[in-house]
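I opened the notebook to look at aromatic ring pairs. Which rings meet, and how are they oriented?

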Amino acid sequence: MFICVPCLVNVPPDAYMMDFVFSEWEEDGIYDNRNGMDYHIPVSDSIETENYMRIIHIAVEMAPVAKVGGLGDVVTSLSRAVQDLGHTVEVILPKYDCLNQSSVKDLHLYQSFSWGGTEIKVWVGRVEDLTVYFLEPQNGMFGVGCVYGRNDDRRFGFFCHSALEFILQNEFSPHIIHCHDWSSAPVAWLYKEHYSQSRMASTRVVFTIHNLEFGAHYIGKAMTYCDKATTVSPTYSRDVAGHGAIAPHREKFYGILNGIDPDIWDPYTDNFIPVPYTCENVVEGKRAAKRALQQKFGLQQTDVPIVGIITRLTAQKGIHLIKHAIHRTLESNGQVVLLGSAPDHRIQGDFCRLADALHGVYHGRVKLVLTYDEPLSHLIYAGSDFIIVPSIFEPCGLTQLVAMRYGSIPIVRKTGGLYDTVFDVDNDKDRARSLGLEPNGFSFDGADSNGVDYALNRAIGAWFDARDWFHSLCKRVMEQDWSWNRPALDYIELYHAARKF
């Protein structure tokens, strides 16, 4: 049994923050320093205010100007959330020739500097209310028509070093440099080798792993040199803790759940859906979106459940389970809409053939759209009753979070961040309530058709047999907060902890 005993602490009038660690006994016993981050508690009546930090993200993706996957979403939404809490946040990004410049406001030439045997033009603009510096080396490295796929190790290594040189030459002196995944991992060791004794000596490096599947060598090296490291969900951090790139550095490795940007994903202000809605009129809003979705894809205008699938078509995402879910939904008198494309042309071709077959046999009941189309994804989130995410592994996953924001019920495999965010309505009541939540979806173990059937049958059965309960579930998931509100605070705590070194 634990007994809480109040205590009085004398605080200097100019102290605006207190850091606490605890011990069970004065000389020994259980020691609690919040896993190296301490308990960081603000002082409300201080005569001083917190010294806000300057944080610079160095990344190769950023939504919506250069987005390939979830990394781009996180760079933008995390930066916005931390900036909203009063800190100065900037992003350094390559200036690709494929950049979506329509999403950059006031883009103009900032300066030029020479490094690495070439002139580097620096452009600056505003993306989602964030200051972004775009580096354009005049050697053509980023004029290749794509973000990835052209001697990336060399290109991104050059970009990372030139980004650090740009920071040094402009005397920015950030408190934190935050780099992401293998593509900007070189920032960690380049900083330590070339800049840690410079005017940037007080800067600390934080590194985030979004997916350990790619570039493990670079990730391992960054883990060695960074001051603090994170990955994108607590469960995924435990899943990968024994990996050779992570295990020697577990003392500085944390799992912080990703969030979504509620301004970007908001069915009340979304221009891509027919009727704005909130949790209060979710039934009417989603009914209108379903009609629009069925009309757009030539689906039968009938009152049946729609299962949406929005994904990259890769092995990670459980391709065999996706195919089975399509067939099982159709067998259960539902409709299916899939939006996604495959970087592997063989998988893309396989799904093109599947689409032709399904569109012929199940005309008016299924539509596979094999491309990337973000505006269309909004309508699918709003018009679907369920969104299925049967990933083999999933560091965090944003799809299930966006689905809930739009009142669509997630059906997921229990892995990584999917396990951390989706709580089965039948089997996870206690786990949800221990976190102050209510159950919010359907989930399954295993990686076979039986698991998919177990979750999908219960979900579709509830839609047909317990419609009022299903509607209350849609309202419930919309009310849950999966924004960056809590994760942003966790990152700020991590930044503070890194600065103590």
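Entry one. I started with Tyr381, which is buried at 5% relative accessibility. The model is predicted, so I took side-chain atom pairs only at pLDDT 80 or more.

Entry two. I counted the aromatic pairs and got 22. I looked up Trp182 and Tyr218: the ring centres are 6.2 Å apart and the planes stand at 40°. Trp182 sits in helix α3 (residues 181-184) and Tyr218 in helix α5 (residues 216-225). The pair therefore ties together parts that are 36 residues apart in sequence. I then checked burial. Trp182 has 17% relative accessibility and counts as buried. Tyr218, at 24%, is partly exposed.

I went back to Tyr381 with its partner, Trp265. Their ring centres lie 5.6 Å apart with planes at 80°, so I noted the pair as edge-to-face. Trp265 is in the loop between β13 (253-255) and α7 (282-296), while Tyr381 belongs to helix α10 (residues 374-383). This contact ties together parts that are 116 residues apart in sequence. Trp265 is buried too, with a relative accessible area of 9%.

Which residues do ring pairs link into a cluster? I listed Tyr96, Phe142, Tyr148, Phe156, Phe159, Trp182, Trp189 and Tyr218.

I looked for charges over ring faces. Lys221 lies over the face of Trp189, 4.5 Å from the ring centre. Trp189 is also one of the cluster residues. Lys323 lies over the face of Phe351, at 5.4 Å from the ring centre.

Technical notes. Residues are numbered from 1 along each chain as its sequence is written. This is a predicted model: local features need pLDDT of at least 70, side-chain atom pairs count only at pLDDT 80 or more; totals for chains, interfaces and linings use all residues. Side-chain values use heavy atoms; hydrogens and water are left out. Rings of Phe, Tyr and Trp (its six-membered ring) pair if their centres lie within 6.5 Å; planes under 30 degrees apart count as stacked, over 60 as edge-to-face and the rest as tilted. Helices (H or I, at least four residues) and strands (E, at least two) are DSSP runs, numbered from the N terminus. Buried means under 20% relative accessible area, exposed over 50%, partly exposed in between (1.4 Å probe, protein chains only). A charge sits over a ring if NZ of Lys or CZ of Arg is within 6 Å of the ring centre and within 35 degrees of the ring normal.
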